[in-house]
Amino acid sequence: MNELSGNTPVPGADAFGHLGRSTQQIRSELGVEPVSVAAIREPAVYALEREKIFKRTWLKVATEWEIPEKGDYKVKEMPVADASVLIVRGKDGKVRAFHNVCTHRGNKVVPTSGFETFGKSRANVLSCRFHGWVFSTDGSLRSVPMEDGFGKLDKACLGLREIACDIWEGFVFINFADKPEQSLAEFLGDFGKLFAGYPYAEATSAFRYATVLECNWKVALYAFSEGYHVPTIHAGSLPGFRGIEHSDFKLIGPHASSTIYGLGMESAESTAQFAGVLHADAEHGPRPDLLPPGINPMRRPDFQFELPNIFPNFLIHLAAGCGYPGIAYFTHQFWPLAHGRTLWEGVNYFRPARNAAERVAQLHTNAIHRNAWLEDTGTMEDTFTGIRSGAIDDMFLMDQEFLIRHAARTLDTQLAR
Ligand code: FES
Ligand SMILES: [Fe+2]
């Protein structure tokens with residue numbers, strides 16, 4: 001029975017509550033022709049992607065719950081834009097983003113270590129360690145040692161260089177354009193509305209895995225964008241999947257999603273296997289009611305997760321509340337470091353564990369995902385080497401790989417602008 005019955009119908013849904021397209025509709029809309037690998041193989045395409053996409057598009061760079069208190073900051077190194085980005089919560093509680101670049105002579109205001117650095121400003125100021133210029137967490141230049149020695153200095157014009165920053169559902173996005181063509185709300189459009197309302201912000205326990213892969217960023221993105229590989233590459237970590245069903249395909253602007261079911265995974269226990277969660281009782285079982293309306297509207301018991309792909313490099317896996325206690329989701333992001341080098345980040349999110357049993361269950365989930373993600377990432381460098389060799393010119397994509405087809409087409413369109 002459709003558990004949504006009695007609820008307000010979801011606008012645009014079919015008689016069964018599905019919002020997306022069928023396989024046939026997807027085939028007629030996106031085609032079935034092979035897709036060229038040139039965009040992966042050619043360094044010149046990567047140069048274009050940097051200018052036309054990564055320096056002009058909204059990019060998720062942080063979450064609000066990473067910097068919950070006033071003065072908390074995160075610095076993200078972003079070689080794709082030659083940038084070090086400071087995301088900081090000001091004294092007024094607002095999250096802002098700045099180039100982590102001192103306006104005196106260009107030193108980093110916050111010294112960094114690795115791709116992500118976290119910290120807390122003291123007294124809501126940040127001081128450059130080179131000569132001691134002091135900035136407020138709202139970016140303004142507050143004080144300059146030996147200011148008289150400059151002869152003339154307009155401090156009001158020498159604040160940190162701000163980067164456009166906005167928030168969707170607790171995810172912090174930036175846009176490097178001086179004047180972004182769209183607001184974040186416009187960029188996400190109906191896609192953002194469709195996936196709003198999930199209790200993302202309650203899952204503040206985050207476990208992050210990351211590695212640098214010698215492959216183009218799209219090889220990594222594409223490997224995580226389809227379920228066709230699950231019964232084969234994940235035979236070790238996820239035994240029991242006879243296959244994967246992608247359905248209810250949603251294409252909204254540059255973004256896309258589909259619902260993923262696990263064939264042969266009809267019981268709650270096996271459904272939870274993908275999320276790696278051991279169900280102890282009803283409290284810790286799946287909570288399909290937490291999903292946004294219209295996702296798995298028939299409440300199929302073999303539902304695994306919804307896979308929203310936010311252009312260009314952010315994947316969210318919305319599980320049916322598998323996890324202690326009651327919600328869990330995970331995300332992937334793919335940051336180009338060079339044409340053939342990518343930083344992959346996978347993060348599991350849970351509500352904070354309330355006791356040792358819940359903590360163990362979360363660690364169990366992390367371990368299963370780590371094993372599966374090792375299997376995933378283990379293909380990527382070989383795939384890229386194969387494509388670079390020139391041995392193949394095309395990818396042959398089946399229905400379950402439609403997110404790849406959609407992303408490749410969207411990237412082509414954006415690069416042609
Ligand atoms: S470069 Fe920052 S104070 Fe001189
Ligand atoms: Fe996988």
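**Close-up views of a predicted model**

**View 1. Y73 and its partner across the strands.** In this predicted model, Y73 has G119 in β6 as its bridge partner. Two strands count as paired here if DSSP finds at least two bridges between them. Helices (H or I, at least four residues) and strands (E, at least two) are DSSP runs, numbered from the N terminus. Residues count from 1 along each chain as its sequence is written, while chains are lettered from A and ligands numbered from 1 in the order in which they are written. Since the model is predicted, local features need pLDDT of at least 70 and side-chain atom pairs count only at pLDDT 80 or more, but totals for chains, interfaces and linings use all residues.

View 2. A123 has a phi near 55°, and N124 has one of about 60°. The cut-offs are 20 or more other C-beta atoms within 10 Å for buried, 12 or fewer for exposed, and partly exposed in between, with C-beta atoms placed from the backbone.

**View 3. The three-stranded sheet.** Carry on to β7 and you meet an open antiparallel sheet ordered β7-β8-β9. Here β7 and β9 (141-143) are the edge strands with a single partner strand each, so one side of each has no neighbour in the sheet. Neighbouring strands are turned by 35° against each other on average, direction ignored. Three bridges link β7 to strand β8, residues 134-136, in the antiparallel sense. Look for L126, which stands opposite F135 in β8.

**View 4. Helix α4 and its buried face.** Helix α4 covers residues 184-194, and its buried residues are L184, F187, L188, F191 and L194. Seen down the axis of α4, they fall within an arc of 100° (taken from the directions from the helix axis to the C-beta atoms), so they line one face of the helix. What do the buried residues of α4 pack against? The answer is β10 (162-168), β11 (171-175), β13 (243-252) and β14 (255-263). Turned away from that side are the exposed residues A185 and E186.

**View 5. V85 in the core.** The largest nonpolar core has 93 residues, and V85, L86, I87, I174 and A220 touch the most other members. Such a core is a set of buried Ala, Val, Leu, Ile, Met, Phe, Trp, Tyr and Cys residues joined through C-beta atoms within 7 Å. Domain 1 (23-37 + 189-415) and domain 2 (59-179) each supply at least three residues to this core; the bounds come from an automatic or database domain assignment. Leaving out residues up to four places away in sequence, V85 touches several others, including V61, V75, M78, I163 and I174. Contact means C-beta atoms, placed from the backbone, within 7 Å.

**View 6. Y261 and its surroundings.** Y261 lies in strand β14 and, with 22 C-beta neighbours inside 10 Å, counts as buried. Y261 and R300 are 39 residues apart along the chain, with their C-alpha atoms separated by 8.2 Å. Not counting residues up to four places away in sequence, Y261 touches E245, R300, D302, F303 and Q304.

**View 7. A cis peptide bond.** F311 and P312 are joined by a cis peptide bond with omega about 0°. Where is P312? P312 sits in the loop between β16 (309-310) and β17 (314-319).

Definitions and conventions
Two residues are in contact if their C-beta atoms, placed from the backbone, lie within 7 Å. Axes are lines fitted to C-alpha atoms, for helices over the stretch in contact, and angles run from 0 to 180 degrees between N-to-C directions.
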